[in-house]
Every structure is written in structure tokens, then in C-alpha cells.
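Open the model in your viewer and keep the selection panel at hand. This tour goes stop by stop.

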Amino acid sequence: MSYFDKILIANRGEIARRIIRTCKHVGIRTVAVYSEADVDAPFVEEADEAVCIGPAQAKKSYLDIERVIQVAKETEAKAIHPGYGFLSENPVFVRRCEEEGIVFIGPSARIIELMGSKIEARRQMQAAGVPVVPGWDGKLASVEEALFIAESLGYPLMLKASAGGGGIGMQLVHTPDELQKAFDSTMQRAASYFGDGTLFLEKWISNPRHIEVQVACDAQGNAVHLFERECSVQRRNQKVIEESPSPYLDENTRAELLETALRGVKQIGYVTVGTMEFIFDDKKNFYFLEMNTRLQVEHPVTEEITGLDLVEWQIRLAAGEPLPLQQENIKRNGHAMECRLYAEDPQTFFPSPGTLTRLHIPENDVRLDFAVIEGSVVTPFYDPMIGKIITHGHDRADAIRKMEKVLETCRVEGVKTNTPLLQKVMRDEEFRKGQYTTRFLDKLLV
Amino acid sequence: MTLSENKSIISPVPGIFYRKPSPDKDVFVNEGDSVKAGDVIGLIEVMKNFYEIKAEADGVVERFCVENEDIVDAGQEVAVVK
């Protein structure tokens, strides 16, 4: 009971392989969909069935809603796992699944829409008593109104697109003059990228830390947290290294953060696995930033410290089962760290597609979630992340020591990777002391 | 260099070629338009990054060698400026 016979995976790369792994373990058949560029990718080989859905361009394959739905019907898949990115937070896709009687492994279209609007999300969280970044959560109708409101909030401010996310559609402004200049272009960019030009204002928090809480909720109204992850090591608003627990939190702050996150998800009636993202200022005040209504890239660090399988939880919750564990039975053990291996220049972050002529990573005492194998082609069409290295230690120093050892002995040839940068971080004194903010990599690279 | 000399614009990276800054915008330049050295004539999307393709010399865009949203290889000619 509770498991589907067959699941279609509407994604590619490491996350498709990750989902296949759990499905094999619990006895679910899998259908992979792939683009012409991915015909030789490991996930295509590993799935029970695989169907080509179009050319390399994501828009013509992985983002083609009707084609994905059609394949699900033809292969009689009962559910679709969207992974992350692509269609994972697309309410139109979720509605199409609902119409066809296919279970979407994730939240309802209503919840995705609610959390997709940054203004609505702020309002909901405020109503639940979850602190949000000080600001103004109404729509800015004109530049005059923006200037008036900005005056009362005080500069510097972040001008943000309600529909934006992941650092896109934001503009930092220090003066009324800068706000005036940025207003129209930010609105136009938001309208063109997200189809919605609605803007709002938030106080700018300098040197924040990015800490998020993993939650899981069932359709019976129960919610639990699976502790936090710290993801402050970022380049261009893209996470590079994640760890759990966060070295920044004392037990009191942690308890308050976890409890606050649960209040937030209960407020919106969330069901399935999700993440509440917060930013912390230098006085340990924390504010809700946004909610990710999907499995995240960094979920393995949570799995390593809890010993749980989050993909299995997603499947069971999507099938309407109650949470597998109650809060008091979810235990944290040791410390986990994840490094994302990107095919890119470690200095300029410029992507480096090519053929992986060598990929050798010692597999003992480390978890490797990789998109590729030796000989794979890293194509220019998708994300530059080729894999994740996850270590687990009895404490933070132990997890770092293990990571250093893996990075030292791994051999990746044929494409440039950020391995030298990851090694530099692991050796950095401030990082080793747990003293870092989202500005850390900028400073390290100077 | 004479004014009538043809200059190829080469993509330095593999990826998807775009003639517009975003889907609902006009093209950067049309065939027959004059460009100055450094003007952006297109974008290449490579692993979610966008690389600007620029004219290397002043002249007139004689033709594009690839269509909007075509896949290009590193070293491939994307346009000719005369």
C-alpha cells in the first residue's frame, strides 16, 4: 500500500538518478523522459523505461508540459516526480496533472501559486507570526509611491519582483535617485521574465546568513521539521556548499527557528516536503525569505544527519499517507556537509561544457550524487552542476576533514571544475570556525 | 582593412543562439542594419549563463548564418558583417 506502481520522473541528471534509486529500493517502476542531448545520460539507462521527448532546448523537451503529460498517460505512470527546477514549481503543470488524474509528487497548485507570490507569502507569514524582512508588502503602483514608502522605511532597500526568486528580479538601491532609476527597468524585467511586473520593497540586510528549515507535512494536518541547513556559501545567489547543523545557531535560537517554521507551514495548510528559507542578520534576528515547495538540491545533508529518505517521504505523503515519524522520533546525528561540483571556471564561474575524459572519486566514507559517469558529455544546455559530494562526520571538523580528503583525491578531467575553489574554502580559517556570510566567496576570491 | 571586407562573427562557446534580449523583445539587429564595434548582435545561452556576441568592427550586418534559438558549436560562424 501507499506506493505507486510506476512513477514518471520529469527531470534529468543527478536528481533523476536520485529518485530512481529510491524507487528501486521501494519497488516502484520508473519512467525517464529525456531530451536528444541526454540520450547517453546515466539516468536514461537506469530507469525501467525511457522516452525521448524532444530536442536539447529545455523549452522544447523538459519544459514541454503537454508532451510530459502525454508520456505519463502512454506509459500508465500513476504519479510524476518533478525533481527541482524545470516544472517542479509550475502551477499550470500541477493543474494539468490533476485534470488527467495523475498524482503530482509535491504540493497543490494553490500552494505553489501562494508561495510563488512573494507579496502573498509575506502576508501569510505575518499572519502566522513569522517575522518577515521589514518592508512594505503592497504592490507599488508608481515610482512616486515607491519613493514615498522608501522614505518611511529608510535606505538602503531591496526593490523586489513579487514573482521573482533565486536572486533574479532584485535591485539594491541606496538613495531615492537610485530607486527612481531602477524602478522602471526592474518592473519591465519582472514583467518579461515572470509575466508579472509587481514590485515591493524590503530593508536590505548586509552580510546575511542563509539558513533554511526542512519541513514535512501530511494531509492529516501534522507537521514536523527535519532540522536546518545552512547555505550561506554562494556565488551569484547560487548555493555552493551546504551543511547541517548550522554552525551559527545556538540551541535556543535553533529551537525558536524550527518552531517558527512549523507555525508558517501550518498557517498555509502545506502538505508534502518543503523548505522555509530565512535570512539572519549579524544579531541573530531571523526573517522569512521564501518557501521552496519542492525537493531541494541540498536535501542529502538532511538525509545524512537524520538517516531518512526524503524522496520516499515525498512519495508516501503524495499518496495520502500520514507522516512516517513523529517529531520526538526524528533524531539528529553528527554533522553533514555537501559540496556542489560545477563544470565551470573556479575563478570566473564561466561554464565549461565538454567530455568528462576522467572522473575518479574514491567512494569510501562519502556519498556521491552525480549526474555523470566517466565518458559522459557535459552539454551546454542545462545546469553546470555535475554532481554533489556529501560527507558525514561525528562533528563539523570531522565532516570537513573527510571532505578535504575526497577533494584531494578526486580526479576530474575534460572539463574545468570548481574543485580548487572548494578546496580553498575547506582550508579557510574563517570557514573552519563557522564564520561566514553570503558574501564569503566574494571576499575569498579577491 | 577595406570597407567591403567580410568579417565573420564567431561564437566562442557552444550553446543556444538568441537574436533577442528576451522572448518578447525585438531583435538586437536586423540584416542590413549598421553596427559599431562592440554592439551586441545576439546572445549564446550556455549552462544557464548568457554570453553576449558582439560585432568586432563597424559595418553592416550582411546576414545571420544561424536562426534564432539554433544550437551552435564553439567556433561556429553566427553572422557576417561587411
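Predicted model: local features only at pLDDT ≥ 70, side-chain atom pairs only at ≥ 80, totals over all residues.

Residues are numbered from 1 along each chain as its sequence is written, chains are lettered from A and ligands numbered from 1 in the order in which they are written, and side-chain values use heavy atoms, with hydrogens and water left out.

**Interface.** Select chain A and chain B. The contact (heavy atoms within 4.5 Å) draws 18 residues from chain A and 14 residues from chain B. Together the two chains bury about 1,400 Å², 65% of it on carbon and sulfur atoms. Buried area is the accessible area (1.4 Å probe) lost when two parts are put together, summed over both.

Now pick A:Lys60 and B:Glu69. Their side chains form a salt bridge, N to O 4.0 Å. The term means a side-chain nitrogen of Lys or Arg within 4 Å of a carboxyl oxygen of Asp or Glu. Between chain A and chain B there are 3 salt bridges.

**Loop.** Go to A:Glu363. This residue sits in the loop between β17 (358-360) and β18 (367-370) of chain A. Strands are DSSP runs (E, at least two residues), numbered from the N terminus.

**Sheet.** In chain B, select β6 (residues 59-64). This strand runs antiparallel to β3 (residues 34-35), joined by 2 bridges. Strands pair if DSSP finds at least two bridges between them. Look for B:Ser34, whose bridge partner is B:Val60. β6(B) also pairs with β8 (residues 77-81) of chain B, antiparallel, over 3 bridges. There, B:Arg63 partners B:Val80.

Definitions and conventions:
Helix = DSSP H or I, 4+ residues; strand = E, 2+ residues; numbered from the N terminus.
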